[in-house]
Amino acid sequence: MLRAIKKARADRQLSEEVIGKFEEFLNKTQDITVETQDLAEKLGEIPDEFLDPISCDLMKDPVLLPASGNIMERSTIKQHLLNDEHDPFNRAPLKATDLVEQPELKKKIETWI
């Protein structure tokens, strides 16, 4: 990416303002990458019960899908429901209002972090 910035400057393809904003964006993404790697090293192996079964990400707001009995991250299942109002595990009809909060699991995850 740095080569692209140097080339854009040399060729005067973009204004300095645009290039500056792009550099700022790159720096932020690098900082986030380092923070994520540091957190992953600190946390080590994430227990399976804390992982969303679809995205394999650490859940922050786990919810129960009543028909299948599976637990997922709320944001993951809500994204799925925008395209398909069915439980992804058994295809039973499912709406966002059907999701059941899991406060005990959420507390366990927060304690583990």
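**Figure 1. Strands β1 and β3 run antiparallel and are joined by two bridges.** This is a predicted model, in which local features need pLDDT of at least 70 and side-chain atom pairs count only at pLDDT 80 or more, whereas totals for chains, interfaces and linings use all residues. Residues are numbered from 1 along each chain as its sequence is written, and side-chain values use heavy atoms, with hydrogens and water left out. Helices (DSSP runs of H or I, at least four residues) and strands (runs of E, at least two) are numbered from the N terminus, and two strands count as paired if DSSP finds at least two bridges between them. With the order β2-β1-β3, three strands make up an open sheet whose pairing is antiparallel. Strands β2 (71-73) and β3 are its edges, since each of them pairs on one side only. Within this sheet, V63 has E101 of β3 as its bridge partner.

**Figure 2. Helix α3 packs on the sheet and touches β1, β2 and β3.** The direction of α3 makes about 85° with that of β2, where axes are lines fitted to C-alpha atoms, for helices over the stretch in contact, and angles run from 0 to 180 degrees between N-to-C directions. In α3 the buried residues are R74, T76, I77 and L81. These residues cover an arc of only 165° around the axis, which puts them on the same side of α3; the arc is that of the directions from the helix axis to the C-beta atoms. As background, an α-helix has 3.6 residues a turn, so residues three or four places apart point the same way. The buried residues of α3 pack against β1, β2 and β3, while the face turned away from the buried side carries the exposed residues L82 and N83.

**Figure 3. The largest nonpolar core has seven residues.** Its members are V63, L65, M72, I77, L81, L94 and L99, and a nonpolar core here is a set of buried Ala, Val, Leu, Ile, Met, Phe, Trp, Tyr and Cys residues joined through side-chain atoms within 4.5 Å. If residues up to four places away in sequence are not counted, V63 touches N70, I71, M72, R74, I77, L99, V100, E101 and Q102. There is also a second, separate core of five residues, among them L58, M59, L105 and I109.

**Figure 4. P62 lies in strand β1 and is buried.** The relative accessibility of P62 is 0%. Which residues is P62 in contact with, leaving aside neighbours within four places in sequence? They are I71, M72, E73, V100, E101, Q102, L105, K106 and I109, where contact means heavy atoms within 4.5 Å. Computed along the chain, P62 and E49 are 13 residues apart, and their C-alpha atoms are 10 Å apart in space.

**Figure 5. E49 and K108 meet in a salt bridge through their side chains.** The N to O distance is 3.2 Å. Since E49 lies in the loop between α2 (16-43) and β1 (62-64) and K108 in helix α4 (residues 103-112), the pair ties together parts that are 59 residues apart in sequence. E49 is partly exposed at 44% relative accessibility, and K108 is partly exposed at 43%. A salt bridge is defined as a side-chain nitrogen of Lys or Arg within 4 Å of a carboxyl oxygen of Asp or Glu, and the whole structure holds seven of them.

**Figure 6. R74 forms a salt bridge with E101.** The closest N and O atoms of this pair are 3.5 Å apart. Because R74 lies in helix α3 (residues 74-83) and E101 in strand β3 (residues 100-101), the bridge ties together parts that are 27 residues apart in sequence. R74 is buried, with a relative accessible area of 19%, whereas E101 is exposed at 54%.

**Figure 7. E85 and K95 form a salt bridge.** The closest N and O atoms are 3.5 Å apart. E85 and K95 are ten residues apart, and each lies in the loop between α3 and β3. E85 is partly exposed at 43% relative accessible area, and K95 is partly exposed at 45%. Elsewhere, salt bridges that share partners join D61, R74 and E101 into one network.

Notes: Buried means under 20% relative accessible area, exposed over 50%, partly exposed in between (1.4 Å probe, protein chains only).
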